[in-house]
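Hello,

Here is the structure, followed by some notes on what was found in it. Please read the notes with the model open.

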Amino acid sequence: MSRFRALFFTVLRWTPLPWLLRHTYQRRAVTVLTYHNPAPDTARRHFRALARRYRVISLRDLERALRQGRFDELPPRALVLTLDDGLREVADLEPVCQDLRLPLTVFLCSGIAGTGRRFWFTHPLPVAEKERLKRLPHRERLRQLEEAGFDQQLESDPPQALSSEQIARLSEVMDFQAHTRFHPCLPTCEDAEAWEEIEGSRRELEQQHELEIYSLAYPNGDYGPREAEMARRAGFRCAVTTDHGVNRAAADPFLLRRISMNEDGGTAEAIVTASGLWGFLRPALVQAFRRLGYASR
């Protein structure tokens with residue numbers, strides 16, 4: 001993390017803006033945060049700072065309140081912590097969850113969890129190439145990945161995702177939910193492919209790991225009306241996006257908004273980002289830098 005970035009967020013933290021957003025914009029809403037692979041020390045600092053400023057509830061609490069029409073019974077400034085992909089390093093967060101006693105929802109890819117299979121987006125390719133592949137039809141993406149040496153079914157050591165034993169142990173302190181089978185960009189899939197990824201993930205996680213699956217996280221944040229309807233038909237009760245914002249009483253439970261967190265950021269950045277302030281400021285700053293001739297970073 002650069003010193004300038006750290007200083008920038010430290011200054012923002014000590015302005016009244018994050019406090020105002022928490023006590024106005026977020027007061028009667030539920031803010032859902034998303035992480036992927038935070039280091040334990042970072043997670044501990046972030047979670048502890050956030051717990052002092054919000055009332056941390058579970059994703060299950062949010063889903064139940066929306067389904068039962070009891071959103072107004074949720075505490076003010078409610079916050080949900082989620083983590084996508086279920087990488088094996090998530091096991092290192094066990095002491096954090098035990099010590100802080102904060103609910104954490106982890107979204108698993110059922111075709112990768114408990115195996116030695118790999119996430120396609122971790123295959124050694126340039127970033128621009130991976131972004132290009134995301135936009136291809138699903139079958140074509142797999143074909144080109146195979147030409148680049150990636151096999152979706154191939155297993156190797158060390159595993160990238162949590163093992164079955166880790167999932168069983170961690171389920172005592174974490175809430176495991178579905179992130180499809182193999183993390184495709186769902187809108188690029190044919191109907192049958194998308195259904196198997198969505199419905200299959202729920203079925204496999206329940207059968208193979210004896211989990212109660214009620215929520216889906218759309219991979220890469222990509223979804224459309226078809227994916228939301230499929231999630232509903234597959235028996236999910238809610239689904240989360242990566243659309244920036246908070247969730248209110250009228251929220252569609254299959255289009256829940258989340259705020260993405262920077263896992264390399266300090267506590268000040270976590271506080272500012274969770275308040276939504278950075279999400280408001282970043283587009284304006286990007287435009288300003290572009291007008292000045294700088295590339296967006």
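Helices (H or I, at least four residues) and strands (E, at least two) are DSSP runs, numbered from the N terminus. Residues are numbered from 1 along each chain as its sequence is written. The model is predicted, so local features need pLDDT of at least 70 and side-chain atom pairs pLDDT 80 or more, while totals for chains, interfaces and linings use all residues; side-chain values use heavy atoms, without hydrogens and water.

Salt bridges

The structure holds 25 salt bridges, each a side-chain nitrogen of Lys or Arg within 4 Å of a carboxyl oxygen of Asp or Glu. One of them joins Glu 131 to Lys 134, with the closest N and O atoms 3.1 Å apart. Glu 131 and Lys 134 are three residues apart in helix 6, which means about one helical turn separates them. Lys 134 is buried at 19% relative accessible area, whereas Glu 131 is partly exposed at 36%. Here buried means under 20% relative accessible area, exposed over 50%, and partly exposed in between (1.4 Å probe, protein chains only).

Arg 181 also forms a salt bridge, with Glu 204, at 2.9 Å between the closest N and O atoms. Arg 181 lies in the loop between strand 5 (175-178) and helix 9 (191-209) and Glu 204 lies in helix 9, so the pair ties together parts 23 residues apart in sequence. Both Arg 181 and Glu 204 are buried.

In another salt bridge, Arg 203 pairs with Glu 196, the closest N and O atoms being 3.5 Å apart. Arg 203 is partly exposed at 29%, and Glu 196 is partly exposed at 31%.

Regards
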